[in-house]
Amino acid sequence: MYTVLLVDDEKRMLDLLELYLAPKGYRCVKCESGVAAIRYLENNKADLVLLDVMMPEMDGWEMCKQIREFSNVPIIMVTARGETTDVVQGLKIGADDYVTKPFDESELLARIEAVLRRSVGKQAKLEFNGLVWDEAQHKVQYAGHDIFLTPKEFAILGLFLKNPNRVFSREQLIVTLWGYNANTEERTIDSHVKNIREKLRQAGFPIDQFLQTVWGVGYKWGG
């Protein structure tokens with residue numbers, strides 16, 4: 001199930017979007033301000049953001065720019081401002097698509113599906129300083145040599161690579177990988193991270209420069 005973050009200062013619009021999306025299998029998280037949405041994204045995973053432009057406190061332009069400082073989550077602007085200059089501005093600052101109000105429900109759903117397909121395709125294979133994480137083949141390589149990770153180690157590494165500079169608490173990693181009802185202990189995460197470091201270090205990758213411990217919180221992929 002995809003999680004879609006809906007951001008609009010009008011509760012009625014949030015409810016309408018959820019009415020369209022929920023029956024199609026999307027999990028909707030609703031935020032009535034850019035500040036609340038940024039806070040959510042800093043601590044939770046979303047697969048797509050539907051973002052209104054005209055909002056008080058923080059408009060959609062500024063929110064889009066701030067999101068792009070720490071996340072590559074796909075963003076679709078949903079707004080009444082449909083002038084070409086607005087569309088171009090939105091795409092330049094990091095939006096993936098642009099839908100104007102009033103919109104057709106079927107068009108909105110089609111655009112969401114298209115953006116998510118492109119996002120999955122982009123994320124299927126990631127490369128970082130010669131380190132290759134291939135989701136389709138479930139393979140990690142460095143300098144042409146395979147690095148053998150367990151499924152959980154592979155998932156953790158992929159999560160870090162997809163979210164550079166984002167700090168993950170141990171609890172967030174457990175929920176992401178095992179689910180909300182998991183009985184997994186936090187030290188299990190530490191053990192997986194230790195194994196990832198050792199395996200990549202043995203392969204010659206300078207892992208200690210990038211996989212960083214944030215004391216008292218968790219871990220992040222820096223650099």
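In what order do the strands of the open sheet of 4 strands follow one another, and is their pairing parallel or antiparallel? The order is β6-β7-β8-β9, and the pairing is antiparallel, where two strands are taken to pair if DSSP finds at least two bridges between them. Helices (H or I, at least four residues) and strands (E, at least two) are DSSP runs, numbered from the N terminus. The model is a predicted one, in which local features need pLDDT of at least 70 and side-chain atom pairs count only at pLDDT 80 or more, while totals for chains, interfaces and linings use all residues. Residues are numbered from 1 along each chain as its sequence is written, and side-chain values use heavy atoms, with hydrogens and water left out.

At the edges of this sheet stand β6 (125-128) and β9 (145-147), and because each has a single partner strand, one side of each is left without a neighbour in the sheet. Neighbouring strands are turned by 25° against each other on average, direction ignored; axes here are lines fitted to C-alpha atoms, for helices over the stretch in contact, and angles run from 0 to 180 degrees between N-to-C directions. Strand β8 (residues 139-142) pairs with β9 in the antiparallel sense over 3 bridges, and V140 has I147 in β9 as its bridge partner. The loop between β8 and β9 holds G144, which counts as exposed because its relative accessibility is 62%, given that buried means under 20% relative accessible area, exposed over 50% and partly exposed in between (1.4 Å probe, protein chains only). The C-alpha atom of G144 is separated by 8.8 Å from that of G130, 14 residues apart along the chain.

Across β6, β7 (131-134) and β8 lies helix α6 (residues 151-162), running at about 110° to β7. Helix α6 is also one of the elements against which the buried residues of α7 pack, the others being α2 (34-43), β10 (168-169), α8 and β12 (218-221); contact means heavy atoms within 4.5 Å. Those buried residues of α7 are R170, Q172, L173, I174 and L177.

Helix α7 (residues 170-178) packs with helix α8 (residues 186-202) at an angle of about 85°, their axes lying 9 Å apart. That makes α7 roughly perpendicular to α8, since angles under 35 degrees count as roughly parallel, over 145 as roughly antiparallel, 65 to 115 as roughly perpendicular and the rest as oblique. On the α7 side the contact involves R170, E171, L173, I174 and W178, which meet E186, T188, I189, D190 and H192 in α8. Just after α7, G179 takes a positive phi of about 100°.

Elsewhere in the chain, strand β3 is covered on both faces, with L48 and L50 on one side and V49 and L51 on the other, all buried. Strand β1 (residues 3-7) runs parallel to β3 and is joined to β3 by 4 bridges, with V4 and L48 as bridge partners. Strand β4 (residues 75-79) also runs parallel to β3, through 3 bridges, and V49 stands opposite I75 in β4.

The loop between β3 (48-51) and α3 (60-68) contains D52, which counts as buried because its relative accessibility is 5%. Not counting residues up to four places away in sequence, D52 touches V7, D8, D9, G60, V78, T79 and K101. UniProt, in an unreviewed entry, lists D52 for "modified residue: 4-aspartylphosphate"; UniProt positions are given in the numbering used here, feature names are shortened, and annotations may be inferred rather than shown by experiment.
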